[in-house]
Amino acid sequence: MITTLDKLGVGQSGIITQVGGQGALRRHLLDMGLTPGVRVRLIGTALLGDPLILLVRGSRVSIRRRLARQIILSGGEAE
């Protein structure tokens, strides 16, 4: 199943296949460890659903939902 990071439910994970964006924004996402081939799991959200709280490479990372729409995943299974 192919989806975007913003579509994951809490407890679901997927493997990053593509990181969108351009310039400094894309570089920022890559610097946060959101690179192709990495498994990412949604562990929670803020009270209003934004930002998303992710587990990436053993670290917690917070990302806005609008940025998460630019990250394409394969998988999307519950853990």
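1. Two residues are in contact when heavy atoms of theirs lie within 4.5 Å of each other. By that criterion, and leaving aside residues up to four places away in sequence, Leu 54 touches Leu 5, Leu 34, Val 40, Arg 41, Leu 42, Ile 43, Ser 59, Arg 60, Val 61 and Ile 63. Several of these names return in point 4 below.

2. The model is predicted, and confidence should be read before anything else. The mean pLDDT of the protein is 91, and 95% of the residues score at least 70. Confidence is highest in strand E4, at a mean of 96, and lowest in strand E6, at 79.

3. Next, the overall layout. The protein holds six strands and two helices. Their order, starting at the N terminus, is β-β-α-β-β-β-α-β. The radius of gyration is 11 Å, close to the 12 Å given by the globule rule for 79 residues, so the protein is as compact as a globular protein of that length. The C-alpha trace spans about 30 × 25 × 20 Å along its principal axes. Of the 79 residues, 42% are buried. Among contacts with a separation of 6 or more, 58% are between residues 24 or more positions apart.

4. Which residues touch the most other members of the largest nonpolar core? They are Leu 5, Leu 34, Val 40, Leu 54, Ile 63 and Ile 71, out of 19 residues in that core. At least two core residues come from each of these elements: strand E2 (12–19), helix H1 (23–31), strand E3 (39–45), strand E4 (52–56), strand E5 (59–63), helix H2 (65–68) and strand E6 (71–78). The largest contribution is that of E4, with three residues. Leu 54, described in point 1, is in contact with Leu 5, Leu 34, Val 40 and Ile 63, among others.

5. Strand pairing around E3 can be followed residue by residue. E2 and E3 run antiparallel and are joined by three bridges. In this region Ile 15 stands opposite Arg 39 of E3. E3 also pairs with E4, again in the antiparallel sense, over five bridges. Here Arg 41 has Leu 55 in E4 as its bridge partner.

6. Not counting residues up to four places away in sequence, Pro 51 touches Thr 45, Ala 46, Ser 62, Ile 63 and Arg 64. Pro 51 and Leu 67 are 16 residues apart in sequence, with 9.6 Å between their C-alpha atoms.

7. How many salt bridges does the structure hold? There are four. One of them joins Arg 27 to Asp 31, with the closest N and O atoms 3.2 Å apart. Both residues belong to helix H1 and are four residues apart, so about one helical turn separates them. Arg 27 counts as partly exposed because its relative accessibility is 48%. Asp 31, at 56%, counts as exposed.

8. Another salt bridge involves the loop from point 6. Arg 64 pairs with Asp 50, and their closest N and O atoms are 3.6 Å apart. This pair links distant parts of the chain, 14 residues apart: Arg 64 is in the loop between E5 and H2, while Asp 50 is in the loop between E3 and E4. Arg 64 is partly exposed, with a relative accessible area of 43%. Asp 50 is partly exposed as well, at 30% relative accessibility.

9. Salt bridges that share partners join Asp 6, Lys 7 and Arg 69 into one network. Within it, Asp 6 and Lys 7 form a salt bridge whose closest N and O atoms are 3.6 Å apart. Are these two residues buried or exposed? The cut-offs are under 20% relative accessible area for buried and over 50% for exposed. Asp 6 has 8% relative accessibility, so it counts as buried. Lys 7 has 57%, so it counts as exposed.

Terms used:
Residues numbered from 1 in each chain as written. Predicted model: local features only at pLDDT ≥ 70, side-chain atom pairs only at ≥ 80, totals over all residues. Heavy atoms only, no water. Core = buried A, V, L, I, M, F, W, Y, C linked by side-chain atoms within 4.5 Å. Buried < 20%, exposed > 50% of the residue type's maximum accessible area, 1.4 Å probe, protein only. Salt bridge = Lys/Arg side-chain N within 4 Å of Asp/Glu carboxyl O. pLDDT = per-residue confidence, 0-100. Pairing = 2+ DSSP bridges. Rg over C-alpha atoms; globule rule 2.2 N^0.38 Å.
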